Amino acid sequence: MGIRIDDPSIELRAKHPHYRGFDLLQGGKTPEMLATAAGENPFCGDELEVRLALCRAEAGEWRIAQAAFDGYGCTLCLAAADAVIEYVTGRSVDEAAAVDFERTCALLGGLEVGRTRKGCVDLAARVLRVALDEARETCLLAGPPSVDIYAKSAGMPGEKAVDRRLASLSY
Amino acid sequence: MDNGSRPFDRARYPILKRRVGVHGGRPLIYLDSAATALVSQPVIDAQVRFLQTSCANIHRGAHQLAEEATDAFERTREQLATFFGVVEPERVVLTHGATESLNLAARGWAEGSLCEGDLIVIAADNHHSNIVPWQMLAERKGLSVAWIPLTEEGLLDEDAWARLLVRAPKLVALCQQSNVLGFRQPSLARIAAEAREAGAVVVMDGAQSAGHEPVDFEELGVDFYAMSAHKMGGLTGVGALLCSSRVMEDLRPVYGGGGMAARVDASGWRAAPGPEAFEAGTPPIAAAVAWSAAIDQLKAAGLEAVAAHTRALAERARAGLSALPGVSVLGHRVPRPFESLVSFTVGEVHPHDVGQALDAAGVMVRAGHHCARPVHQACGARASVRASFAGYSTEEEVEALVSAVAQLSAAVRA
């Protein structure tokens, strides 16, 4: 049996998140790429930003070395964001991109939620996918980058979502 | 005030017998009438009766049922004209709701009447339905859009309006009653009059006021007035656009097809005469017929009585909520009565969480932007919780709302 939206575990997660705040991205191995995206739920005011620090593993695939979120959201939204970010941290970009609404509900212990609140639960996964899509389009699909990833390329798709200027990274 | 005497008899609303909550143990406290009003049994019966006895298409066919259906549909049009003070029923276009009505004004009139560079002015307290159609039109036609901003209190900025008036706007979009701010804008009538005197067409969204207070379209002096049946006790899926004589002449059909064309052949088409030109396809006949029953209900209750009742409840809610620590009522600094709704925030608690907590107590409210983001931005709120009242609402329900919010407020501060 699933859990309801008023389950204490949801409120607990939202009030005591592990992955909220971009200070969390300080330290650790210097990422090769930082992917960022933001999104909102148009009807209720939820706004989330997701930042992903990406590194290439020895086998060559891109992985999410570190991740964090921040923003304004209801309890469901914040709990879902924390659960999603926890899940994708350390995983490959492909695994992370597969996170959807159903996966998010599973990560929250089998959450059962109606249509009117689905958007609150799904926002983090949607924003995550935007960040990953932009990163994949601009740098990953072509395999090893043929240009200096530290140089800003005007006119590249996803400029808004992908910040490749390590020298001026700010969290 | 509540001695059991209310404009609407609660016994006529079957849904009010429902028990809600996880175990069905709580009475239903419905405070979301601004989203959609509850439907009484007589209105339900009117729809069912039509479907059971006269279910046929209208303006078509030559049989008895078609005649009955057409008569019933047109009776609603005539009744709306009388009820809202439109001299000719032909200037009442039946639509699928206020949103379609406003889009009809935009695409059916403004599209062909405004030119590149013309200025549209939009009041910032409007619902998105009286904003987006004008923004879309501006994109298509290269029109300019300017706003009558709101002050921090939520009042239309009259100085800003005076500056806009000098720019000779061609169309001004106004809201008769905000779906977020409870009070009626004191400068609304003057702005509408000045706009018209300056040669602008005035489009007014009446979705939250039609059926809540007496409205006389001719006295209002606007060109387009939009409303929805389900906001006044009718069914969803039907509404109306009241049109002044001068804009009716230049109103053009937006949807083409059956019922709206007098002639169609290989060379082209010609619009049907009258409002049917703007009512393409089969309209929501049963819902329109049922709307007549909702109007009868309003007439029996008396709009003045309905307005007084909801105003008293809204003011009670405003006072009760404003007294709670951490609770902020949007528009509370304006010294005018709240007519039928109260929007508020509870500290930093997300409105969805407030709504969820109230829902657990059986209190049904709206949480979010209410399709009115500019209003929230003007008031410095990301979103809000809205409680709204109707002729069947009670003082006890207001007390339940305030009590539930008080508990939440205390829990947040603890």
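## A buried aromatic pair in chain B

In this predicted model, F183(B) has a relative accessibility of 1% and so counts as buried. The ring of F338(B) is its partner: the two ring centres lie 6.3 Å apart and the planes meet at 45 degrees, so the pair is tilted. F338(B) is buried as well, at 0% relative accessibility.

F183(B) belongs to the loop between β7 (171-175) and α6 (188-197) of chain B, while F338(B) belongs to the loop between β13 (327-329) and β14 (341-346) of chain B. The pair therefore ties together parts that are 155 residues apart in sequence.

## Other aromatic rings

Over all chains, the count comes to 5 aromatic pairs. Chain B also has an aromatic cluster, formed by F8(B), Y13(B) and Y392(B).

In chain A, R51(A) places its charged end over the ring of F22(A), 3.9 Å from the ring centre. The other case involves both chains: the charged end of R382(B) sits over the ring of Y72(A), at 4.2 Å from its centre.

## The seven-stranded sheet of chain B

If you turn to the strands of chain B, you will find an open sheet of 7 strands with mixed pairing, in the order β4-β10-β9-β8-β7-β5-β6. At its edges stand β4 (92-95) and β6 (144-148) of chain B; each has a single partner strand, so one side of each is left without a neighbour in the sheet. From one strand to the next, the twist averages 20 degrees.

## A buried glutamine in chain A

Back in chain A, Q66(A) is part of strand β3 (residues 62-72). Is this residue buried or exposed? Its relative accessibility is 18%, so Q66(A) counts as buried; the cut-off for buried is under 20%.

What lies 3.3 Å from a polar atom of the side chain of Q66(A)? The answer is the backbone oxygen of L24(A).

Definitions and conventions
Residues are numbered from 1 along each chain as its sequence is written. Chains are lettered from A and ligands numbered from 1 in the order in which they are written. This is a predicted model: local features need pLDDT of at least 70, side-chain atom pairs count only at pLDDT 80 or more; totals for chains, interfaces and linings use all residues. Side-chain values use heavy atoms; hydrogens and water are left out. Rings of Phe, Tyr and Trp (its six-membered ring) pair if their centres lie within 6.5 Å; planes under 30 degrees apart count as stacked, over 60 as edge-to-face and the rest as tilted. Helices (H or I, at least four residues) and strands (E, at least two) are DSSP runs, numbered from the N terminus. Buried means under 20% relative accessible area, exposed over 50%, partly exposed in between (1.4 Å probe, protein chains only). A charge sits over a ring if NZ of Lys or CZ of Arg is within 6 Å of the ring centre and within 35 degrees of the ring normal. Two strands pair if DSSP finds at least two bridges between them. Axes are lines fitted to C-alpha atoms, for helices over the stretch in contact, and angles run from 0 to 180 degrees between N-to-C directions. A polar contact is a pair of N or O atoms within 3.5 Å; within protein, one must be able to donate a hydrogen and the other to accept it, and residues adjacent in sequence count only if both atoms are side-chain atoms.
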